[in-house]
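Hello,

Here is the structure I promised to hand over. Please open it first, then read my notes below.

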Amino acid sequence: MTAASHSIMSSAPVENAGMAASVEETSFETGGALGVAFFGSLLAAVYSLTLKLPPELASAEAARDGIDSALLIAETMGGSLAETLRQLARTAFDNAFTVVFISGAALAALTSLAILFFTKKKHI
């Protein structure tokens, strides 16, 4: 944030510094909220879709709500079924986290390319 803040504030005229700071802060907060909403929704969707419960764990359908639900359900179970549910939930969460991480990296790369393309100085 410091580099972006410095860039914004150093390019704004002194008389518009307050306006630049407010736009910067609003953009930061909005971006954070949208990022959490988008990536959180993506993580939840991928987790639910990749959690494959075997027939003997059909009663643990609530485990699809999230890894926390799966681990709490596993605590109430006993034996090998509990360990199976824990392992399946962790694997599904790892898969979902990987998808979110790759999506974020791809979005950052595309944004960088767009900035490079659209801010390129044209020589006449």
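**Where H3 meets H4**

In H3, Ile 67, Ala 70, Leu 71, Ile 73, Ala 74 and Glu 75 meet Ala 82, Leu 85, Arg 86, Ala 89, Arg 90 and Phe 93 of H4. Contact here means heavy atoms within 4.5 Å. The helices (H or I, at least four residues) are DSSP runs, numbered from the N terminus.

Before going on, note that this is a predicted model: local features need pLDDT of at least 70, side-chain atom pairs count only at pLDDT 80 or more, and totals for chains, interfaces and linings use all residues. Residues are numbered from 1 along each chain as its sequence is written, and side-chain values use heavy atoms, with hydrogens and water left out.

H3 and H4 pack at about 170°, and their axes are 8 Å apart. Axes are lines fitted to C-alpha atoms, for helices over the stretch in contact, and angles run from 0 to 180 degrees between N-to-C directions. H3 and H4 are therefore roughly antiparallel to each other (angles over 145 degrees count as such).

**Arg 86**

Arg 86 lies in H4, which covers residues 79-118. Arg 86 is partly exposed, at 23% relative accessible area. The scale runs like this: buried is under 20%, exposed is over 50%, and partly exposed is in between (1.4 Å probe, protein chains only). Arg 86 touches Leu 71, Ala 74 and Glu 75, not counting residues up to four places away in sequence. Ile 73 is 13 residues from Arg 86 in sequence, and 9.1 Å from Arg 86 in space, C-alpha to C-alpha.

H2 has 34 residues (17-50). At 1.5 Å a residue, H2 should span 50 Å; its end C-alpha atoms are 48 Å apart, which agrees. The expected span is 1.5 Å times one less than the number of residues. Ala 20, Glu 24, Val 46 and Tyr 47 of H2 are buried. Their cover includes H1 (2-11), H3 (67-76) and H4.

H1 and H2 pack at about 150°, with axes 9 Å apart. That makes H1 roughly antiparallel to H2. Ser 5, Ile 8 and Met 9 of H1 make the contact with Ala 17, Ala 20, Ala 21 and Glu 24 of H2.

**The core**

Which residues touch the most other members of the largest nonpolar core? Of its 15 residues, they are Tyr 47, Leu 51, Leu 53, Ala 63, Ala 70, Ile 73 and Leu 85. H2, H3 and H4 each supply at least two residues of this core. H4 gives the most, with five. A nonpolar core is a set of buried Ala, Val, Leu, Ile, Met, Phe, Trp, Tyr and Cys residues joined through side-chain atoms within 4.5 Å.

Best wishes

Conventions:
Angles under 35 degrees count as roughly parallel, over 145 as roughly antiparallel, 65 to 115 as roughly perpendicular and the rest as oblique.
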